[in-house]
Amino acid sequence: MNTILRKSILGIAGLAFTGGVFAGPVAAHADTPAHAAAKPVAVASVQGEQSRITLNDEQTANAKAIIAATKKAGLPERAAVISIATALQESKLENLGHLGDKNDHDSLGLFQQRPSSGWGTPEQITDPEYSTLAFLKGLKQVDGWDKMPLTDAAQTVQVSAYPDAYAQWEKQATDIVNQHWTK
């Protein structure tokens with residue numbers, strides 16, 4: 001994608017987001033009860049080779065925070081799978097602060113969201129609940145997100161330079177959601 005188009009998309013995404021995390025789709029579902037899963041989340045079609053990492057206590061806590069925020073938003077397990085796979089790709093489920101010269105612009109947190117693109121303040125973006133709700137708000141704006149391949153849904157929200165990279169985490173993200181959704 002050329003630079004001008006990418007910046008235009010990021011600018012529009014930032015403007016769309018500035019309506020506020022809690023004023024949009026999340027608020028509309030605030031009173032919706034969380035979905036309880038009695039069965040494992042089905043993986044419709046895992047794309048490509050799968051990656052897997054061993055999670056430490058911090059990464060597990062961040063995954064649980066993503067699941068809790070997804071429930072708070074009134075969204076199903078599939079949204080948590082997409083969110084966790086995205087965070088696995090972006091940060092390996094580590095809540096990253098500013099990385100100096102190694103940083104991609106001003107990207108922060110679990111989802112590597114950028115304050116300059118309208119995702120929130122650095123403090124907000126490094127809060128796992130806030131950053132997840134921000135990601136989910138973007139996801140809900142994607143028509144058919146729940147029926148499309150994980151990598152397409154994640155890429156539409158994230159606008160990454162590596163659009164196919166999210167797919168490699170679908171199996172592990174599904175396993176994490178299956179393990180923690182009902183706990």
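Tutor: Before we start, keep in mind that this is a predicted model, in which the mean pLDDT of the protein chain is 79 and 70% of its residues reach 70 or more.

Student: Which elements have the lowest and the highest mean pLDDT?

Tutor: Among the elements of the protein chain, helix α2 (residues 25-28) has the lowest mean pLDDT, 32, while α3 has the highest, 98. Over residues 1-38 the pLDDT is below 50, although this stretch has 48 contacts in the model beyond near neighbours in sequence. Where pLDDT is low, the predicted coordinates should not be read in detail.

Student: Why is K71 called buried?

Tutor: K71, which is found in helix α3 (residues 57-72), has a relative accessible area of 19%, and buried means under 20%, so K71 counts as buried.

Student: What makes T70 buried?

Tutor: T70, which also lies in helix α3, has a relative accessible area of 0%; the cut-off is under 20%, and therefore T70 is buried. Leaving aside residues up to four places away in sequence, T70 touches L75, P76, A79, A80, T132, L136 and W181.

Student: Why are α4 and α7 called roughly perpendicular?

Tutor: The axes of helix α4 (residues 77-91) and helix α7 (residues 150-158) come within 10 Å and cross at roughly 70°. Angles of 65 to 115 degrees count as roughly perpendicular, so α4 and α7 are given that description.

Student: Which residues meet where α4 and α7 are in contact?

Tutor: From α4, the residues R78, V81, I82, A85, T86 and E90 meet L150, A153, A154 and Q158 of α7, and by class this contact has 6 nonpolar, 2 polar and 2 charged residues.

How values were computed. Residues numbered from 1 in each chain as written. Predicted model: local features only at pLDDT ≥ 70, side-chain atom pairs only at ≥ 80, totals over all residues. Heavy atoms only, no water. Helix = DSSP H or I, 4+ residues; strand = E, 2+ residues; numbered from the N terminus. Buried < 20%, exposed > 50% of the residue type's maximum accessible area, 1.4 Å probe, protein only. Contact = heavy atoms within 4.5 Å. pLDDT = per-residue confidence, 0-100. Axes fitted to C-alpha atoms, helices over the stretch in contact; angles between N-to-C directions. Parallel < 35°, antiparallel > 145°, perpendicular 65-115°, else oblique. Nonpolar A, V, L, I, M, F, W, Y, C, P; charged D, E, K, R; others polar.
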